[in-house]
Amino acid sequence: MSNRAVNYAANNFYMGNHKGCPYNNMTSILRIDPIHRMKVLRRENRFVVIVQDGEGQERKAHINNTGRLHDFIYPGAIALLTSKNPGKTEFRLFGFLDQGSGALTDTSFQMKAFGIAWQRGLIPWLAPYKY
């Protein structure tokens, strides 16, 4: 079985063989629009990350992954966010740029992407099972 990777390009997340070229034989499985890129300043609590927009303004972003995520949430990391309905936060943080690819950390988007990949037959070992 080939190695699988999920990669980010523009507003799409791709799944496929990852052999040096991040978009080699990739299939778009999830589109998130719009995507904002902002710099992480700090994590305020389990559900809120403080980010800085391109104009230097501090903004609050909701994160649904309550894990520590020390490899991604640190000052200066580039967060991927999408707009959300007004409330306590303006944005939903769903991932991070990491080593030239995107790391999808939002658990609900992960479940959605997994379901789409399964339905499309992109996970060979699940072929005998029905979605």
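In the predicted model, Val-49 is in contact with Val-40, Arg-42, Arg-43, Glu-44, Arg-59, Lys-60, Ala-61, Ile-63, Ile-73 and Leu-93, when its neighbours within four places in sequence are left aside. Val-49 is also listed, together with Val-40, Ile-73, Ala-79, Leu-81, Leu-93 and Phe-96, among the residues with the most contacts inside the largest nonpolar core, a set of 16 residues. Strands S4 (36–43), S5 (48–52), S7 and S8 each supply at least two residues of this core, and the largest share, three residues, comes from S8. Apart from this core lies another one, of 14 residues, which includes Phe-94, Leu-104, Phe-109 and Ile-116. In soluble globular proteins, nonpolar side chains tend to be buried together.

The strand S5 is largely enclosed by the rest of the structure, because four of its five residues are buried. On one side of the pairing scheme, S5 is joined to S4 by four bridges, with the two strands running antiparallel, and Val-40 has Val-51 as its bridge partner in S5. These two strands, S4 and S5, form a hairpin in which four residues lie between them.

With S6 (residues 58–62), S8 pairs in the parallel sense over two bridges, and His-62 stands opposite Arg-92 in S8. S7 and S8, by contrast, run antiparallel and are joined by five bridges, with Thr-82 standing opposite Arg-92 in S8. The pairing of S8 with S9 (residues 101–104) is again antiparallel, over four bridges, and Gly-102 in S9 is the bridge partner of Leu-97. S8 and S9 form a hairpin with two residues between them, and Gln-99 in the turn has a positive phi of about 50 degrees.

The loop between strand S7 (78–83) and strand S8 (91–98) contains Thr-89. This residue, Thr-89, counts as buried because its relative accessibility is 7%, under the 20% limit applied to buried residues. Not counting residues up to four places away in sequence, Thr-89 touches Val-48, Lys-60, Ala-61, His-62 and Lys-84.

Technical notes
Residues numbered from 1 in each chain as written. Predicted model: local features only at pLDDT ≥ 70, side-chain atom pairs only at ≥ 80, totals over all residues. Heavy atoms only, no water. Buried < 20%, exposed > 50% of the residue type's maximum accessible area, 1.4 Å probe, protein only. Contact = heavy atoms within 4.5 Å. Core = buried A, V, L, I, M, F, W, Y, C linked by side-chain atoms within 4.5 Å. Pairing = 2+ DSSP bridges.
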